[in-house]
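Subject: Structure handover

Hello,

Here is the structure for you to take over. My notes on it come after the sequence and coordinates.

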Amino acid sequence: MNSSMSQSNKSSWIKTAAGYAAGLLFGIGLAVSGMTDPARVVGFLDVAGAWDPTLMFVLGGAVVTTFIGFRLVFKHTVPLLGGVFQLPIKRELDAKLLGGAALFGIGWGLSGYCPGPAIASIGGLSLPLLAMLVTMVLGWFAAKRFA
């Protein structure tokens with residue numbers, strides 16, 4: 001029983017370490033690409049003014065990486081560090097999805113932050129970033145309440 005428990009703890013530690021490594025890599029990628037600077041994101045959204053195409057290249061890189069990654073991952077019948085693949089099963093567009101997407105877009109456009117870059121920017125906390133983080137948390141609570 002002790003070796004079974006030890007194996008379980010080792011597996012849990014490996015999953016946690018892999019999650020932290022993935023998060024660190026994501027955060028470094030956001031910082032290197034400049035996506036932690038809300039002015040760069042707002043510049044991308046300002047198509048009628050001083051448009052900054054940097055975000056388009058970051059998004060393009062993410063699409064290519066995901067396209068290749070999914071093909072490699074799904075060659076396996078089970079995930080490397082988990083029991084089963086967890087994929088979304090809902091395919092219809094409803095008011096909750098569209099409303100949530102609209103609120104996300106409005107918040108992103110107003111603040112220049114989406115959740116990933118906001119968390120990655122926490123070290124340089126400013127009043128606008130704090131306001132965005134507080135409203136993001138309030139949105140999570142509202143979503144749970146109205147779900």
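Predicted model: local features only at pLDDT ≥ 70, side-chain atom pairs only at ≥ 80, totals over all residues.

Residues are numbered from 1 along each chain as its sequence is written, and side-chain values use heavy atoms, with hydrogens and water left out.

Confidence
The mean pLDDT (the predictor's confidence in each residue, from 0 to 100) is 86 for the chain, with 96% of residues at 70 or more. Helices here are DSSP runs of H or I with at least four residues, numbered from the N terminus. Helix α1 (residues 2-33) has the lowest confidence, a mean of 82, and helix α3 (residues 54-73) has the highest, at 92.

Nonpolar cores
A nonpolar core is a set of buried Ala, Val, Leu, Ile, Met, Phe, Trp, Tyr and Cys residues joined through side-chain atoms within 4.5 Å. Buried means under 20% relative accessible area, exposed means over 50%, and partly exposed lies in between (1.4 Å probe, protein chains only). The largest core has six residues: Tyr-113, Ala-118, Leu-129, Met-132, Leu-133 and Met-136. Helix α6 (residues 127-146) supplies the largest share of this core, four residues. Another core lies apart from it and has five residues, including Leu-30, Met-35, Phe-44 and Leu-55.

Leu-129 has contacts (heavy atoms within 4.5 Å) with Tyr-113, Ala-118, Ser-121, Ile-122 and Gly-124, leaving aside neighbours within four places in sequence.

Surface patch
A nonpolar patch on the surface is formed by Ile-119, Ile-122, Leu-125, Leu-127, Leu-130, Val-134 and Leu-138, which together have about 670 Å² of accessible area. For such a patch, residues need over 30% relative accessible area and no salt bridge, and the nonpolar side chains (Val, Leu, Ile, Met, Phe, Trp, Tyr) are joined within 5 Å; like charges are joined within 9 Å. Areas come from the Shrake-Rupley method with a 1.4 Å probe, and for residues only the protein chains shown count as cover. The most residues in the patch, four, come from α6. Ile-119 sits in helix α5 (residues 115-120) and is partly exposed, at 48% relative accessibility.

Salt bridges
The whole structure has two salt bridges, each defined as a side-chain nitrogen of Lys or Arg within 4 Å of a carboxyl oxygen of Asp or Glu. One joins Asp-52 and Arg-40 at 3.9 Å, N to O. This pair links distant parts of the chain, twelve residues apart: Arg-40 is in helix α2 (38-45) and Asp-52 is in the loop between α2 and α3. Arg-40 is partly exposed, at 29% relative accessible area. Lys-90 and Asp-94 form a salt bridge at 2.5 Å, N to O, and Asp-94 is partly exposed at 25%.

Two distances
Val-84, in the loop between α3 and α4 (95-111), is exposed at 58% relative accessibility. Its C-alpha atom is 20 Å from that of Ile-68, 16 residues apart along the chain. Ser-126, in the loop between α5 and α6, is partly exposed at 28%. The C-alpha atoms of Ser-126 and Gly-139, 13 residues apart along the chain, are separated by 20 Å.

Regards

Notes
Helix = DSSP H or I, 4+ residues; strand = E, 2+ residues; numbered from the N terminus.
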